Amino acid sequence: MKSENYIKLEFPSRSANEALARSAVAAFAAQLDPTLDELGDIRTAVSEAVTNAIVHAYPDTVGTVWLRARILDGEYLELTVRDKGRGIPDVDQARQPLFTTGGDERSGMGFTIMESFMDKLRVRSSPGAGTTVTMLRRIRRRR
């Protein structure tokens with residue numbers, strides 16, 4: 001698919017930056033004229049991906065989170081959230097509903113939520129090297 005427009009953000013893995021990422025992606029996605037429901041889904045998926053990087057990738061330190069949003073072929077929004085944190089030893093296990101390494105205060109539903117709100121979800125991770133989450137959502141143009 002051909003990229004028509006993109007943004008890139010880089011920020012410290014501080015919880016305050018989750019709202020920044022969510023808002024920036026929503027503003028960028030607005031050019032596709034999504035419905036309020038679509039925009040809500042996108043904001044939620046970004047929130048989950050960024051929160052995972054903040055909480056799980058860098059549990060004891062502040063690291064860097066990279067976010068890229070691209071418009072592809074005029075109707076797809078591709079979102080990539082990447083970190084260079086501790087990585088995920090077993091991605092298949094981590095994608096199971098209710099599985100968490102974040103303690104009792106975490107629901108273990110992050111990947112499940114991302115998958116339900118986006119058309120495609122890909123998770124690549126290497127222990128000690130970080131994780132990349134790529135999500136794709138088609139936004140059908142209203143006429």
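## A quick tour of the predicted chain

Of the 143 residues in the chain, 43% are buried (under 20% relative accessible area with a 1.4 Å probe, protein chains only; over 50% is exposed, and in between is partly exposed). This is a predicted model, in which local features need pLDDT of at least 70 and side-chain atom pairs count only at pLDDT 80 or more, while totals for chains, interfaces and linings use all residues. Residues are numbered from 1 along each chain as its sequence is written, and side-chain values use heavy atoms, with hydrogens and water left out.

**Overall layout**

- You will find four helices and five strands in the chain; these are DSSP runs numbered from the N terminus, with helices being H or I of at least four residues and strands being E of at least two.
- Along the sequence, they follow the pattern β-α-α-β-β-α-α-β-β.
- Among contacts (heavy atoms within 4.5 Å) with a separation of 6 or more, 65% join residues 24 or more positions apart.

**Where α2 meets α4**

- Helix α2 (residues 36-57) packs against helix α4 (residues 110-117) at an angle of about 150°, and their axes are 9 Å apart; axes are lines fitted to C-alpha atoms, for helices over the stretch in contact, and angles run from 0 to 180 degrees between N-to-C directions.
- That angle makes α2 roughly antiparallel to α4, a label for angles over 145 degrees.
- From α2, Asp41, Thr44, Ala45, Glu48, Ala49 and Asn52 take part, and they meet Gly110, Phe111, Ile113, Met114 and Phe117 of α4.

**Serine 116, on α4**

- Serine 116 sits in helix α4 and counts as exposed because its relative accessibility is 54%.
- A polar atom of the serine 116 side chain lies 2.9 Å from the backbone oxygen of isoleucine 113.
- Aspartate 41 is 75 residues from serine 116 in sequence, yet the two are 8.8 Å apart in space, C-alpha to C-alpha.

**Glutamate 78, on β3**

- Glutamate 78 belongs to strand β3 (residues 76-83), and with 13% relative accessibility it counts as buried.
- Its side chain makes polar contacts with the side chains of arginine 68 at 3.3 Å and arginine 70 at 2.7 Å; a polar contact is a pair of N or O atoms within 3.5 Å, where within protein one must be able to donate a hydrogen and the other to accept it, and residues adjacent in sequence count only if both atoms are side-chain atoms.
- Leaving aside residues up to four places away in sequence, glutamate 78 touches Arg68, Ala69, Arg70, Leu72, Thr134, Met135 and Leu136.

Definitions and conventions. Angles under 35 degrees count as roughly parallel, over 145 as roughly antiparallel, 65 to 115 as roughly perpendicular and the rest as oblique.
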